[in-house]
Amino acid sequence: MDKNSLRLVNVSSGYDLQKVIHGISLNIEEGSVVGIIGPNGHGKSTLVKTVSGLISTWSGQVFFEGLPIEKMPAHERVTLGVVHVPQGDLIFPKMTIEENLRLGAVLAENSEEVERRLDKVFDLFPVLLNRRVQVARTLSGGERRMLGIGRGLMSNGKLMLIDEPSLGLAPKLIDQIYDSLSEMKESGITFLIVEENITRLQNIADWIYLMDNGEFVWSGNPDELQSNSELLSTYLGV
Amino acid sequence: MDIFLQVIFSSLTVGSIYAVGTIALSLLLGTLSMLNLAHGTFIAAGGYSAYWTMKVMGAHWIFALPISVVAGVISGYLMYHLVVRWLYDRPDFEIDIIIVTVAIAALGENIFLNVAGPEARRQPFHIDGGFHIADAVLPYQTILTVAIALVLLIIVALILGKTKTGMVIRAVSQQRDASKLVGINVSKSYGQAIIIAGAIAAVSGVLVTGMAQVFPGVGSSVTLKALVIVIIAGIGNLPASVLMAFLLGAFEVTVQYIFGARYGFPAMLGLVIIGLIWRPYGIFGKETITRV
């Protein structure tokens with residue numbers, strides 16, 4: 001049994017003729033939280049999309065729990081347990097919060113299980129419960145983020161790929177979202193979280209990859225990165 | 001008074017033909033942004049299947065609509081598997097599908113021409129007679145067509161609003177990438193929507209040809225009018241399309257009674273042009289802003 005939840009071997013990908021990811025390799029153990037940080041526009045989101053199948057893998061291999069998935073369409077990866085919460089959330093704008101969340105569990109056969117997951121999401125994000133019949137396009141940025149993460153949770157994934165959970169949010173909301181992610185971590189879900197800076201990942205991540213121009217330029221634990229002022233100033237402008 | 005009543009009844013007749021002819025086109029355009037110009041092929045398939053069932057096989061009329069549903073499902077299935085599944089994920093799908101369905105419409109018309117011949121045939125799925133009120137007549141066929149148009153509308157509303165398949169089709173129509181990320185097989189959803197539309201269009205075909213005749217090009221004029229109605233009503237608004245079908249039918253018939261038959265359709269198109277100048281997004285449509 002492969003203890004790795006996710007393993008990338010020399011993966012490259014991009015858009016049209018533009019190669020964005022250049023031969024990336026990475027391992028994520030089951031139950032761990034791995035962060036990818038780096039400047040904007042250097043391939044972090046592209047890498048996550050490659051893993052979830054939204055864009056195709058040009059070369060290299062993607063393994064989930066030892067199974068090669070790089071040729072699998074995105075919807076089939078979800079059935080295995082790979083769940084992607086994209087940047088900008090990609091919600092269903094004309095549907096209510098509850099419909100959006102229920103769509104996260106569209107593959108679930110057992111309706112009691114769907115209700116259980118729904119209760120769990122509403123426990124984590126009470127604001128969604130209060131607005132369950134509100135149409136999603138009317139939500140604020142923070143509420144959309146919560147809905148995106150909540151919908152990801154409804155899929156009951158084993159590996160959650162979360163693209164910039166703190167993007168554009170007020171500090172209080174970011175705290176709330178990271179508190180929720182910490183709770184979810186306790187339940188054994190594996191996380192790959194993309195952020196632009198180290199601050200938010202420091203307390204939750206077990207391992208950090210620093211990305212620049214579509215390549216990993218450094219990896220280590222969060223404390224090592226925090227103490228490396230040269231890396232921080234060169235790549236993150238801190 | 002009699003003329004007034006007759007205009008109302010004729011308006012209902014024309015409006016009901018327009019309404020049934022519009023539902024499937026509006027469904028695909030509203031849910032998948034798919035302008036199916038082969039809509040007329042589904043219509044003709046329905047018309048010919050009912051003709052074949054009753055006239056050639058000699059079957060009871062009760063079998064005509066179910067057989068047409070089967071013909072529509074097969075047509076939709078073929079269209080999805082042979083064409084749409086190869087195109088739906090392309091960035092220019094909305095343009096590509098217009099060109100491709102024009103070709104399918106031409107191909108379909110030629111197939112019917114070669115198989116069934118060029119003659120216009122009387123559709124046996126037709127109820128003669130009607131209610132006589134004063135000196136005006138409300139044909140039974142009109143009542144049947146209006147009733148089935150409303151039933152089709154309710155069926156579509158129930159499928160889209162109350163079933164898991166409908167919820168998934170709505171999800172795909174709103175956010176395709178998000179649909180993939182929750183595990184929806186987007187390609188399959190396209191197939192389901194096209195098969196549903198095919199079945200509805202084929203039933204429409206039986207009713208439309210029941211008012212007129214069956215011939216290879218019967219679907220072309222229905223498609224043209226349905227397209228005009230869908231656009232002026234507001235793309236994607238199915239109940240509004242049906243309402244608009246009756247309103248435009250009434251306008252066309254009124255013009256025909258006052259100025260002569262040949263002015264009806266051109267006057268209706270003139271009204272549509274004025275309507276679109278006033279509200280480019282359709283009378284019942286909503287203005288949308290696309291962020292670039």
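**Cores and interface**

Tutor: Of the 75 residues in the largest nonpolar core, the ones that touch the most other members are A:Leu103, B:Met34, B:Met79, B:Val84, B:Phe93, B:Ile184 and B:Tyr190. A nonpolar core here is a set of buried Ala, Val, Leu, Ile, Met, Phe, Trp, Tyr and Cys residues joined through side-chain atoms within 4.5 Å, where buried means under 20% relative accessible area with a 1.4 Å probe, protein chains only. This is a predicted model, in which local features need pLDDT of at least 70 and side-chain atom pairs count only at pLDDT 80 or more, while totals for chains, interfaces and linings use all residues. Residues are numbered from 1 along each chain as its sequence is written, chains are lettered from A in the order in which they are written, and side-chain values use heavy atoms, with hydrogens and water left out.

Student: Which element gives the most to this core?

Tutor: Helices are DSSP runs (H or I, at least four residues), numbered from the N terminus. With 11 residues, the element that gives the most to this core is H8(B).

Student: Why is helix H6 of chain B described as largely enclosed by the rest of the structure?

Tutor: The buried residues of this helix include B:Met167, B:Ile169 and B:Arg170, and they pack against H3 of chain A together with H1, H5, H7 and H8 of chain B. Helix H6 of chain B spans residues 164-174 and is largely enclosed because, of its 11 residues, the number buried is eight.

Student: How much area is buried between chain A and chain B?

Tutor: In contact, meaning heavy atoms within 4.5 Å, are 21 residues of chain A and 16 residues of chain B. Buried area is the accessible area (1.4 Å probe) that two parts lose on being put together, summed over both. Carbon and sulfur atoms give 69% of the area buried between these chains, which is about 1,800 Å².

Student: Which residues in chain A lose the most area to chain B?

Tutor: Three residues together account for 31% of what the chain A side buries. They are A:His75, A:Phe92 and A:Val106.

Student: Which residue of chain B forms a salt bridge with A:Glu99?

Tutor: A salt bridge is a side-chain nitrogen of Lys or Arg within 4 Å of a carboxyl oxygen of Asp or Glu, and across this interface the rule finds one. The closest N and O atoms are 3.4 Å apart, and the partner of A:Glu99 is B:Arg170.

Note on methods:
Buried < 20%, exposed > 50% of the residue type's maximum accessible area, 1.4 Å probe, protein only. Helix = DSSP H or I, 4+ residues; strand = E, 2+ residues; numbered from the N terminus.
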